[in-house]
Amino acid sequence: MVEALKKELVLRKGELEQDTVETIYFGGGTPSVLTSEEIQGIISVVFKNYKVTRDPEITLEANPDDLSEEKIKELSESPVNRLSIGIQSFFEEDLKLMNRAHSSKEAIKSLSIATQVFDNISIDLIYGIPQMTNDRWVANIDKALSFGIPHISSYALTVEPKTALANFIKKGVIADVDDRAAQEHFNILLDKMDVAGFESYEISNFGKPGYFSKNNTAYWQQKKYIGIGPSAHSFDGNQRGWNINNNPKYIKAITNNELPSEIEVLSKTDKYNEYVMTGLRTIWGVSLRRIREDFGKKYEEYLLQQAHKFVEEQLLFLDDDRLLTTKKARFLADGIAADLFMINL
């Protein structure tokens, strides 16, 4: 698999020939199972075949149970300069309910060690978990902040079909996800992060000044990126691509110098809808000038017409050239964006 990843990087180097790589992200799955040598080998291929900025952000996702003291030390001596740790919760009952492999003790231990050798650390926290009280959610946030980390990504729990959690909910063993409780947790999160000096630069992402994730920001600002490996997605501004999600078939195709991917060419309306959706989720909002210049006056007029009722309800507001969500509407941003989508023109 590692050799296939390296070869795909070489096969696709022409796609970023005119661009400078600013961020390298090891994610999707459990890349922390890679050895330091394997990580270094993949990064070396990137540097050899792409134009890379002098100080790129290099992130590795890891679960607490994979981060032994020895592993963290190895990573700190590698080119990886940012850790994203899937803590999810500091409470044992939450972790068991979500069927996580790590324990609360492992979560705390991994962070305690990582903060000694890494400056740039992000953790994931989940809210809206059934039976999670506001007090427990506040305790989760406070515990995270006690480590002095500069970035937190936080998401509402989603129940995937055919999982143990979905089965428990169906049988009535535990309560279903409560959207009102999740929204309350989200509002608590916004207030706590603000007081702690974090900026909500995107609905689910909170960073201290200078610590916004370059990787996450690239997605929300619709920058070009290449995804390497099975199931990986790519975007070049005009089309999206995704690799086959079967490991043996992926490796076989790459070995035969074939790219096992599908491509979707985006229409003007697709691009408009995606820009509206991503823009409303961020502090940068939706630029009316960009709508005018990239899509035309009709799209701008349509956007303002659709947005009018949300402005009246103080869910959206205009700041010079930008359309943004108000604080009370942030949890609802995706639903609002859907109402601003262009269906036909």
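Q: Where is Asn99 found?
A: Asn99 sits in the loop between H4 and helix H5 (104-117). Helices (H or I, at least four residues) and strands (E, at least two) are DSSP runs, numbered from the N terminus. Please keep in mind that this is a predicted model, where local features need pLDDT of at least 70, side-chain atom pairs count only at pLDDT 80 or more, and totals for chains, interfaces and linings use all residues. Residues are numbered from 1 along each chain as its sequence is written, and side-chain values use heavy atoms, with hydrogens and water left out.

Q: Why is Asn99 called exposed?
A: Buried means under 20% relative accessible area, exposed over 50%, and partly exposed in between (1.4 Å probe, protein chains only). Asn99 has a relative accessible area of 61%, so Asn99 is exposed.

Q: What is the phi of Asn99?
A: Asn99 has a positive phi of about 60 degrees, although Asn99 is not a glycine. For background, most residues other than glycine have a negative phi. Ser231 also has a positive value, with phi near 70 degrees in a residue other than glycine.

Q: Where is Ser231, and why does Ser231 count as partly exposed?
A: Ser231 lies in the loop between helix H9 (214-220) and strand E8 (233-235). Its relative accessibility is 37%, so Ser231 counts as partly exposed.

Q: How many helices and strands does the protein have?
A: The protein has 14 helices and 13 strands.

Q: How do you know that the radius of gyration agrees with a compact globule?
A: The radius is taken over C-alpha atoms, and the globule rule is 2.2 Å times the number of residues to the power 0.38. With 345 residues, a compact globule would have a radius near 20 Å, and the protein has 21 Å, so the value agrees. The C-alpha atoms fill a box of roughly 55 × 50 × 45 Å, taken along the principal axes. Buried residues make up 45% of the 345 residues.

Q: What makes the rings of Phe90 and Phe147 a stacked pair?
A: Rings of Phe, Tyr and Trp (its six-membered ring) pair if their centres lie within 6.5 Å; planes under 30 degrees apart count as stacked, over 60 as edge-to-face and the rest as tilted. By this rule the count comes to 11 aromatic pairs. The rings of Phe90 and Phe147 have centres 6.2 Å apart and planes at 15 degrees, so this pair is stacked. The pair links distant parts of the chain, 57 residues apart: Phe90 is in the loop between strand E3 (82-88) and helix H4 (92-97), and Phe147 is in the loop between helix H6 (134-145) and strand E5 (151-156). Both Phe90 and Phe147 are buried.

Q: Why is the pair of Phe186 and Phe331 called tilted?
A: Their ring centres are 5.5 Å apart and their planes stand at 45 degrees, so the pair is tilted. Phe186 lies in helix H8 (residues 179-195) and Phe331 in the loop between strand E13 (322-325) and helix H14 (333-340), so the pair ties together parts that are 145 residues apart in sequence. Ring pairs also link Tyr127, Trp137, Phe186 and Phe331 into a cluster.

Q: Are Phe186 and Phe331 buried or partly exposed?
A: Phe186 has a relative accessible area of 1%, so Phe186 is buried. Phe331 is at 26% relative accessibility, so Phe331 counts as partly exposed.

Q: Why does Thr325 count as buried, and which residues does Thr325 touch?
A: Thr325, placed in strand E13, has 9% relative accessibility, so Thr325 counts as buried. Contact means heavy atoms within 4.5 Å. Not counting residues up to four places away in sequence, Thr325 touches Leu280, Leu315, Leu316, Phe317, Arg330 and Ala333.

Q: What makes Gln88 buried?
A: Gln88 is in strand E3, and its relative accessible area is 8%, so Gln88 is buried. Leaving aside neighbours within four places in sequence, its contacts include Leu95, Met98 and Asp124.

Q: Why does Asn134 count as partly exposed?
A: Asn134 is in helix H6, and its relative accessibility is 28%, so Asn134 counts as partly exposed. Leaving aside neighbours within four places in sequence, Asn134 is in contact with Glu184, His185 and Ile188.
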